[in-house]
Amino acid sequence: MVHLDKIEIVTNTNDIEQRTAVAMKVQVEIGYMGDIDTKKMTFEIHATFRQWWLDERLVYDPAMGSKVVGLKSLRDLIWTPTLFFINEKDSKLVVSTRDNVYVQIDPDGNVYYALRLQLVLSCPMNLKHYPFDRQSCRIRVSSWSYDMNALVLRWHEECVTFLESVELPEHFLDKDDVICKAFNSTYETSGQFSGLVAHLRFRREIPYYLMEVYLPISLLVIGSWLSFWLDVYAVPARTALGITTILTIITSSRGIKESIPRVSYVKAVDVWIETCTWLVFCALLEFPFVNFIARRGKENDALAAQNNFRLAAASNKLFQVVRQPSATHKVSASYTNGPLIRQFGDSVGDCPADDFTPPPEECCTLYSKLTEQNAKSIDRVCRCLFPCAFIIFNLIYWFSWAPM
């Protein structure tokens with residue numbers, strides 16, 4: 001094998017004026033794909049990176065052999081392109097027993113060059129519809145040292161292929177919907193370079209999130225409604241139930257949010273978590289409200305019973321007064337909605353004024369109209385109001401966010 005200048009670009013002609021750029025075909029075969037890291041916005045692949053080009057300097061007599069194959073040592077003897085992955089965050093050559101590099105040279109000078117790479121590529125994501133989102137991750141390849149006047153990249157007929165074993169636990173990868181395109185990158189200092197891009201489309205699988213996010217939080221919301229069926233005076237039970245449910249839902253939501261990056265926009269899962277949190281919080285606030293009404297109503301009932309007792313006692317004393325025969329002495333009694341009002345023309349004997357104490361002023365306010373029955377009525381209304389609100393929210397949410 002003749003040692004070729006590895007720096008000199010392949011021209012395929014000795015005429016300088018007729019020199020054209022080398023056309024190189026590229027293919028990526030993915031043998032393994034790790035799950036997409038949503039928090040870091042990256043994905044990992046183990047791929048066989050294949051390249052084809054023509055180097056007329058390597059033409060030889062077919063009688064010498066149908067092809068020449070070799071590994072890294074053969075690669076070091078010939079010219080190879082300098083390609084790189086634009087969106088890579090980490091990359092390395094796969095090594096088992098030796099470096100996974102393969103070179104094949106045909107008699108007509110066609111070169112086939114393959115190497116196995118482990119790549120971690122960036123994948124910017126829009127998470128507004130998370131976890132109902134669809135993402136498009138890219139594999140971007142470009143020439144490093146040769147501009148378009150020297151090297152032009154083209155995709156192979158099958159630009160990106162997958163082994164049958166490639167499956168993702170959290171996402172569905174549409175292997176037949178890979179979009180491959182070519183592009184040019186222009187730099188002021190170095191010129192225009194050829195590049196290739198392949199779009200891989202992913203759809204997030206929903207069953208995991210139904211079982212781990214939506215169902216548990218729904219059960220917590222439904223569990224908070226048990227408070228409406230407990231007695232309005234069951235302070236320890238209703239308080240413990242309300243605080244436990246709201247703390248549990250906050251803890252669950254924190255675990256969900258830790259698995260995704262911090263972004264400045266509202267996500268679909270945020271709408272669900274925040275709405276459910278507010279429903280549980282409102283169920284917690286409903287208890288002190290009805291408890292206050294019940295206690296106030298109980299006080300009003302006790303005050304009304306006390307006033308009725310005084311009214312009855314005062315009435316008995318009033319009608320026991322001995323009437324005088326004189327016309328100038330008269331006793332009259334009138335009743336109103338309040339306590340007894342006595343009118344005397346003269347003194348009426350032994351009827352102490354303390355027995356006719358007027359009612360307190362708060363009896364005429366809104367608080368005086370509260371009864372224990374009002375609190376129980378509010379609980380009965382909430383038993384229907386909260387489930388209906390949750391059902392309406394679910395209808396709006398799933399029709400708005402869930403994929404069709």
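The bend at a residue is taken as the angle between axes fitted to the seven residues ending there and the seven starting there. In this predicted model, a kink of about 30 degrees lies at Tyr214 in helix 2, shortly before the proline Pro216. Helix 2 comprises the 18 residues 207–224. At 1.5 Å a residue these should span 26 Å, and the end C-alpha atoms are 25 Å apart, which agrees.

Tyr214, the site of the kink, is itself one of the buried residues of helix 2. An α-helix has 3.6 residues a turn, so residues three or four places apart point the same way.

The UniProt annotation "transmembrane region", from an unreviewed entry, covers residues 209–230, 271–294 and 384–401. Over residues 209–230 the chain is 73% helix and 0% strand, with end C-alpha atoms 32 Å apart. Residues 384–401 are 100% helix and 0% strand, and here the end C-alpha atoms lie 26 Å apart.

Strand pairing was examined around strand 8 (residues 134–143). Strand 8 runs antiparallel to strand 4 (residues 83–85), to which 3 bridges join it; in this pair, Phe85 stands opposite Val141 of strand 8. Gln135 stands opposite Phe202 in strand 12.

Terms used
Residues are numbered from 1 along each chain as its sequence is written. This is a predicted model: local features need pLDDT of at least 70, side-chain atom pairs count only at pLDDT 80 or more; totals for chains, interfaces and linings use all residues. Side-chain values use heavy atoms; hydrogens and water are left out. Two strands pair if DSSP finds at least two bridges between them. Helices (H or I, at least four residues) and strands (E, at least two) are DSSP runs, numbered from the N terminus. UniProt positions are given in the numbering used here, feature names are shortened, and annotations may be inferred rather than shown by experiment. The expected span of a helix is 1.5 Å times one less than its number of residues. Buried means under 20% relative accessible area, exposed over 50%, partly exposed in between (1.4 Å probe, protein chains only).
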